[in-house]
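Open your viewer and get the selection tool ready.

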Amino acid sequence: MSLAREVSFATDERIFNEGGKADRFWIIHTGTVTLDVRVPGRRAAVIESLGAGDLLGWSWLVPPRHWHMGAQAASPVRAYEFEAAAIRELCGKDPELDHALLTYVVGVIADRLRSARVRLLDLYAPHGAGEVP
């Protein structure tokens, strides 16, 4: 936490856009953030809502380090912001921290992938297309 700085975002403020440079991440303290993906020929689809205690942003960890989704404040948000380069440097010096952080972030990525799949099926697939036989 010594590397964190407190930031805030107003309701409807765009935090980052899909495809932009991912050079930081946040832990949400208060408020709600929606994650969205661009859908060709349609408006962006909201995939998930994040709240207090959630990690906002994992793309900083995966080259080429561009956001895989977009994020927008759905309410006033207070968060702890971390510079990705400083965290990656710290992880390079501490293998235990590196392993713990990677394990945590991989879990977040898996959860977001599941949420994105379910949400996109809800929005665009024919009824029953996502059911497992």
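Strands here are DSSP runs of E with at least two residues, and they are numbered from the N terminus. Keep in mind as you click around that this is a predicted model.

**Stop one: Thr 34.** Select residues 33-37 to bring up strand 4, where Thr 34 sits. Is Thr 34 buried or exposed? Its relative accessible area is 17%, and Thr 34 counts as buried because the cut-off for that class is under 20%. Now show the residues around Thr 34: leaving aside those up to four places away in sequence, Thr 34 touches Val 46, Glu 48, Ser 49, Gly 70, Ala 71, Gln 72 and Ala 74.

**Stop two: Arg 119.** With a relative accessible area of 31%, Arg 119 is partly exposed. Beyond residues up to four places away in sequence, Arg 119 touches Val 46 and Ile 47.

**Stop three: the largest pocket.** Its volume is about 230 Å³. For a view of the centre, select Phe 25, Phe 82, Ile 87, Leu 97 and Leu 101, the closest to it of the 14 lining residues. Then colour strand 3 (24-30), helix 1 (84-93) and helix 2 (95-124), the elements that each give two or more residues to the lining. Which element has the largest share of the lining? Helix 2 does, with 4 residues. Colouring the lining by class shows 13 nonpolar residues, 1 polar and no charged ones.

How values were computed
Residues are numbered from 1 along each chain as its sequence is written. This is a predicted model: local features need pLDDT of at least 70, side-chain atom pairs count only at pLDDT 80 or more; totals for chains, interfaces and linings use all residues. Side-chain values use heavy atoms; hydrogens and water are left out. Buried means under 20% relative accessible area, exposed over 50%, partly exposed in between (1.4 Å probe, protein chains only). Contact means heavy atoms within 4.5 Å. On a 1 Å grid over the protein atoms alone, a cavity is a set of points where a 1.4 Å probe fits but cannot get out, and a pocket is an open set with protein on both sides within 12 Å along at least five of seven lines; lining residues have an atom within 4 Å of a point. Grid points are joined across faces, edges and corners, and a volume is the space filled by probe spheres set on the points. Ala, Val, Leu, Ile, Met, Phe, Trp, Tyr, Cys and Pro count as nonpolar, Asp, Glu, Lys and Arg as charged, and the others, Gly among them, as polar.
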